[in-house]
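Please look through the sequence and the model below before reading on.

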Protein chains: 2
Amino acid sequence: MDNVQMIGTKITAIKEYLYNFARTHSPTRLMSSENTYSLSKEHCNLKYSDILPHNAEGYPATREFLMKVVDILLDFIKSTNDRNAKVLDFHHPSDMMRLLDLEIPDSGLTLQQLLIDCSTTLKYQVKTGHPHFFNQLSCGLDLVSMAGEWLTATANTNMFTYEIAPVFILMEHVVLQKMRELIGWSGGDSILAPGGSISNLYAFLAARHKMFPMYKERGLSAVGGQLVMFTSDQCHYSVKSCAAVCGLGTDNCVMVPSDDRGRMIPSKLEDLILERKAKGHIPFFVNATAGTTVIGAFDPIPEIADICQRHKLWLHIDAAWGGGLLLSRKYRHPRMTGIERADSVTWNPHKLMGALLQCSTIHFKEDGLLISCNQMSAEYLFMTDKLYDVKYDTGDKVIQCGRHNDIFKLWLQWRAKGTEGFGKHMDRLMELSEYMVRRIKQMPDKYYLILEPEMVNVCFWYLPTRVRNMPHTQERIKILADICPILKGRMMQAGTLMVGYQPDDRRPNFFRNIISSAAVTEADVDFLLAEMDRLGHDL
Amino acid sequence: MDNVQMIGTKITAIKEYLYNFARTHSPTRLMSSENTYSLSKEHCNLKYSDILPHNAEGYPATREFLMKVVDILLDFIKSTNDRNAKVLDFHHPSDMMRLLDLEIPDSGLTLQQLLIDCSTTLKYQVKTGHPHFFNQLSCGLDLVSMAGEWLTATANTNMFTYEIAPVFILMEHVVLQKMRELIGWSGGDSILAPGGSISNLYAFLAARHKMFPMYKERGLSAVGGQLVMFTSDQCHYSVKSCAAVCGLGTDNCVMVPSDDRGRMIPSKLEDLILERKAKGHIPFFVNATAGTTVIGAFDPIPEIADICQRHKLWLHIDAAWGGGLLLSRKYRHPRMTGIERADSVTWNPHKLMGALLQCSTIHFKEDGLLISCNQMSAEYLFMTDKLYDVKYDTGDKVIQCGRHNDIFKLWLQWRAKGTEGFGKHMDRLMELSEYMVRRIKQMPDKYYLILEPEMVNVCFWYLPTRVRNMPHTQERIKILADICPILKGRMMQAGTLMVGYQPDDRRPNFFRNIISSAAVTEADVDFLLAEMDRLGHDL
């Protein structure tokens, strides 16, 4: 090491030391700029033990504390909806660890410190509800749904019995029945699950149980052959995960090729079924996707349903993403034509419909399967000698025991919008995506549309100045792919915009924009396209 | 049908008609007594489309709406903590359906109506945080944790990547590491799961993967034998459910007998392992329970760990319920002595520790297993060319894709209490349970203690007047069991108290009281015992 290097290293060490000293010794270290949410003098030294439920006299302090929390949340909501505010304030994990005081102390902190904790947490959190956050299938912050979730927290109950969640259990009945009607079924059964992956798992389990009822007790070895499932090569990875979890092995989750629009090719599906049958395997389950994760493709349901009928296979439709479009008269067909022919459907209101995370549903055409498949008859919870009609207890239908209340936020949101309002909301998101496609086509020097979207997934490359006169060959595509992570990095550093990128099996990295937030307008789409150009033109 | 019957039937029909007419035609039908949360004149006719994020100018109305929701929640909190208020206002499902307007309308309702909806929902919800709610393993409403959950809702993010949940991901690191330290491990890995059942499933999957890494791709048929798991006959039913879900079949989840205190008998475990080995089966997994659901028993870990070591079996400890006692110097030993010898541990902070539902954790002694077991390498989400160190992305470790943020409420609560405060809280719950046992023993004419509890589960029979002079024979036990549902029904009808009952494999129905709420005091225990007597003495 030469002298200059040595001095550099020493300076860094000194800086680090001073930084840490200041952080750990300054009496004001936690009283930084965030500290605008002060409790009154009377309450500022109180701790958790001074408020309800620990101190029965603590209501005034409890109220003041909670109202200050609400102030913090309202300010976050305001800034989430402020187009001049940043989407995020990015820091690398190691820096973030230094900026935050995440330590778990031996002795409890004051309520005042907890308010600072809340405020600091939100300062560094990504604003997923910001109109310039286009990064995920779940974007946006629906404030009615949020109000519902606040109430859910306060009601703090478990969804396994009518006994302790009477109103919420009945809400599940009403909302899930409505959803089944929208699928096109007059009967059936449904449940809310913690995310689309677990919903898909429920479908898999019910299908296996329906075909091999003795399997539940005796296991896969009783089936007498290798079970096989089929899905497109564009499906969500949770489908493959079912095969690993449930004992088939991922080799027995057959990936069916898709066309250049990302839709499963039905003839290939049938070929693969026959191929596996010829090997003596037992095909039992086909997953069709309504709205694939990356490009938003819709597998052709009628053709796939015909094949399932011919070969007596269970048809599951993973509409976790596309399901919301069932609410739209304009966009439902042809995308989901034939969905009523499915045996089961996954549909996540926390995606396109904007319900707060988590809110995922799984629906079955046949009633009674969910309980006969999953029932373990825990005597301590699901007794039949209860005061009320125990058919309302849901706990024995699920592979969870405790289950979070995911219904109230959706029910309240649906009351607010009405079924028509939800339909209009879906139409609006689709129209905004169509607007984005038009704008991209108007700027062929700056943007390259990868394919005409069927949904709100708009897939494209950004073209920096230096490639604008190049022919669109593999060489140019490589450059465009290479700049994706760099441009995404610049967005995050600038904090002005978030759009996702990824490779798929046909092409290297490309951007995928999602419009699933009610906050987005045409002007935000224009901003997005201008901002990417501002940040990326010199790449 | 005679005339009197006919007239009766007609009167009922007329009443029903009038009731329904009034319900559907009265302009004030929804402006009932609950309507004390009125929006200002200016805002009372607004709808969801007039507030953020739909209307960018809507902040004042948004704020007023949310503040009214908070008023409703604060009133609920106040009444939850009011010992003179009822725990519940019970109605049978069919009556509840009539009392509530759960309908999903075609056109959206006003914000004012949504406030009425919120208030009505809470009016009929069971107050699980009420000091006289002793019904479930999760009782209580910790208001710091609740404030955390409000913030979680407002931040509305997904826990799969650091990219969109930077602060929360780091909080998971800090809190889960702390929990592993409390178990007694210096390294390892952990994840939060949607409930203890899914946590147990993770343990099962990791164990199978560790023993048979090729199984993930090739499936159970590649194992070349029947896998077998072992658990006590007192275990949580989710353990058995793993066997059904994952392809073993419940016949291959061997139930090991327990002693009269509900603890697994280690010698029986070893006998059963040998028996299955003799059949050519492959034992691989033993579940020991630390805190059984009904009687709160602790399986003897050191002896079970020795057996697992001898036979090279994975040792999982389901401490979903008992885990909280790891925080108590006084009660940790001997109950959980040896827990550090486990390969995996389930521990639900939403139970004894009072974090809001859902908050469940699963811990592994070996780092790296969770990812190699569950990884599906979804290219669109877990790219390695990101701006930041992607080791912080958790999504590829889990069988879910989207994952609710369950950490903030726990982190904030732990900051508030400190580790010492949490320990004291555990001690307090145990001391209150000991108090209850003492009181029961002081009233041998009214209460019969079934066994000395190891935890906060106090199991007993209530003795109505007519049996007080009977010898405690099977005949008397039958009477005591028969009155459990009736007395529970009276509690619910009166709305003053909730205590659970259930049968187990040794005895018919008995009461199981749980003290896991910070709201409970000695006076509440006295109330509970007096109230059961008031409601049940004549049975």
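Which side-chain oxygen reaches to within 3.0 Å of the backbone nitrogen of A:Val144 at the start of H5(A)? The oxygen belongs to the side chain of A:Asp142. This is a predicted model, in which local features need pLDDT of at least 70 and side-chain atom pairs count only at pLDDT 80 or more, while totals for chains, interfaces and linings use all residues, and side-chain values use heavy atoms, with hydrogens and water left out. Residues are numbered from 1 along each chain as its sequence is written, and chains are lettered from A and ligands numbered from 1 in the order in which they are written.

Helices (H or I, at least four residues) and strands (E, at least two) are DSSP runs, numbered from the N terminus. Helix H5 of chain A covers residues 143-155, and its 13 residues, at 1.5 Å a residue, should span 18 Å, which agrees with the 18 Å between its end C-alpha atoms; the expected span is 1.5 Å times one less than the number of residues. Of the 13 residues of H5(A), 13 are buried, where buried means under 20% relative accessible area, exposed over 50% and partly exposed in between, with a 1.4 Å probe and protein chains only. Just after H5(A), A:Asn156 takes a positive phi of about 30°.

Chain A as a whole has 16 helices and twelve strands. Its radius of gyration is 27 Å, close to the 24 Å that the globule rule gives for 539 residues, so chain A is as compact as a globular protein of that length; the radius is taken over C-alpha atoms, and the rule is 2.2 Å times the number of residues to the power 0.38. Buried residues make up 65% of the 539 residues in chain A.

Chain B can be laid on chain A by a turn of 180° and a shift of 0.0 Å along the axis, with an RMSD of 0.0 Å, which is the relation of a two-fold axis. Copies are superposed by least squares on the C-alpha atoms of residues with pLDDT of at least 70 in both. In chain B, the C-alpha nearest the axis is that of B:Cys246, 2.0 Å from it.

Finally, B:Asn200 lies in helix H7 (residues 196-211) of chain B and is buried, with a relative accessible area of 2%. Its side chain is joined to that of B:Thr346 by a polar contact of 2.8 Å, a polar contact being a pair of N or O atoms within 3.5 Å; within protein, one must be able to donate a hydrogen and the other to accept it, and residues adjacent in sequence count only if both atoms are side-chain atoms.
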